[in-house]
Amino acid sequence: MTKRIVAYSRLKPTHLDQLRQRFHVDYFEALKSTDDPGFRQALSQAHGIVGSSLPITPDLLDAAPQLEAIASISVGYDNYPVDELTRRGILLCNTPDVLTETTADTGFLLIMATARRAIELAEFIKRGDWQESIGEAHFGSDVHGKTLGMIGLGRIGAAVARRGALGFGMQVHYAFASPKPELERELGAVRCELDELLAQSDFVCVTVPLSAETTHLIGRREFGLMKRSAIFVNIARGKVVDEAALIGALESGEIRAAGLDVFEQEPLSPESPLPHMPNVVALPHIGSATHETRDAMAQRAVDNITLALEGQRPISLVNEEALQARR
């Protein structure tokens, strides 16, 4: 019997061809909702899912009684009920490693753009306001030699920290992470408590995954601990930050600026004040959005689902315990 896959993210013809050589593929190129009747019908016969962004619920799993594996084209997996998948013996695969450096590039882009006020001053020129040499009112801040506080120091956090320490001579502090002795030796990184990191850092960069523990990890209290000159950068998930508290801290001058690639609601509501604030650089969740990286992520997902449905261990498996549940 040929197993069936439902794919609902944009995949290149080469990726679809790889899947079609082994499986029957129902492909939904521009799926907007998991309530789509055609998608639901295909799901009822599916052994595998390849996709990203849309939430997978227990109700949806009930509609897929033959499902064996999901290959998400992402490193984050907060759209998936991991415990429920594990209980049912459904493997959940993701795409770490292949997007680490690209996402770290985005993080450091936000550090540089906010510190030097790049977007604000580019708009200044576009408006025709550059009539004389700029003065102190338009000065930015140095990045080199400053303190970089990393909240989370996994693959992406470590890659951001390397850019700061090795490229810009920054002192790296880290919190909300297990001890990293190798990075401490390599970068001179110092592990500390979160409150201490917030008080000492010139730049605070968040890279923790979203979980019950990290939801609204950074809120009014935490912004109040930061320096008034601090710049806050979030490339993790929007819900790690209390967005209302962030807006308040920016409006009151409690912190100097923010660089954001993620938001509590995505796409960002047109009513949000964040993209209109001169001290905010807001990007539309472009962390891994390069041709090379998105292609590598899709390829990893194709490899993961192929291995999973052929009875082999996927390259990147989130819920190891699901292997036991299947036996």
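This is a predicted model: local features need pLDDT of at least 70, side-chain atom pairs count only at pLDDT 80 or more; totals for chains, interfaces and linings use all residues.
When I say contact, I mean heavy atoms within 4.5 Å.

Let's start with helix H7, residues 155-168. H7 has 14 residues. From first C-alpha to last, H7 reaches 19 Å, close to the 20 Å expected at 1.5 Å a residue. Just after H7 comes Gly169, with a positive phi of about 60°.

Which residues of H7 are buried? Ile156, Gly157, Ala158, Ala159, Val160, Ala161, Gly164 and Ala165. And what covers them? The cover includes two helices, H5 (100-115) and H8 (181-187). It also includes strands E6 (147-151), E7 (171-175) and E9 (203-206).

Now the core. The largest nonpolar core has 55 residues. Val50, Leu148, Met150 and Val160 touch the most other members. Helix H12, residues 291-309, gives the most to this core: seven residues.

Met150 is then in contact with Gly157, Val160 and Ala161, among others. The list also includes Val172, His173, Tyr174 and Ala175. Leu197, Cys205 and Thr207 are in contact with Met150 as well.

On to the aromatics. How many aromatic pairs does a search of the whole structure find? Four. Take Tyr8 and Phe39. That pair is edge-to-face, 5.8 Å centre to centre, with 85° between the planes. Tyr8 lies in the loop between strand E1 (4-7) and helix H1 (13-20), and Phe39 in helix H2, so the pair ties together parts 31 residues apart in sequence. Both Tyr8 and Phe39 are buried.

Next pair: Phe108 and Phe168. The ring centres are 4.9 Å apart and the planes are at 35°, so this pair is tilted. Phe108 is in helix H5 and Phe168 in helix H7, 60 residues apart. Phe168, at 30%, is partly exposed. There is also a cluster: Tyr8, Phe28 and Phe39 form one.

Last, the annotations, both from an unreviewed UniProt entry. The D-isomer specific 2-hydroxyacid dehydrogenase catalytic domain is annotated over residues 6-319. That stretch is 37% helix and 14% strand, with its end C-alpha atoms 20 Å apart. UniProt places the NAD-binding domain feature at residues 109-287. There the chain is 34% helix and 15% strand, and the end C-alpha atoms are 10 Å apart.

Key. Residues are numbered from 1 along each chain as its sequence is written. Side-chain values use heavy atoms; hydrogens and water are left out. UniProt positions are given in the numbering used here, feature names are shortened, and annotations may be inferred rather than shown by experiment. Helices (H or I, at least four residues) and strands (E, at least two) are DSSP runs, numbered from the N terminus. The expected span of a helix is 1.5 Å times one less than its number of residues. Buried means under 20% relative accessible area, exposed over 50%, partly exposed in between (1.4 Å probe, protein chains only). A nonpolar core is a set of buried Ala, Val, Leu, Ile, Met, Phe, Trp, Tyr and Cys residues joined through side-chain atoms within 4.5 Å. Rings of Phe, Tyr and Trp (its six-membered ring) pair if their centres lie within 6.5 Å; planes under 30 degrees apart count as stacked, over 60 as edge-to-face and the rest as tilted. Lists of a residue's contacts leave out its neighbours within four places in sequence.
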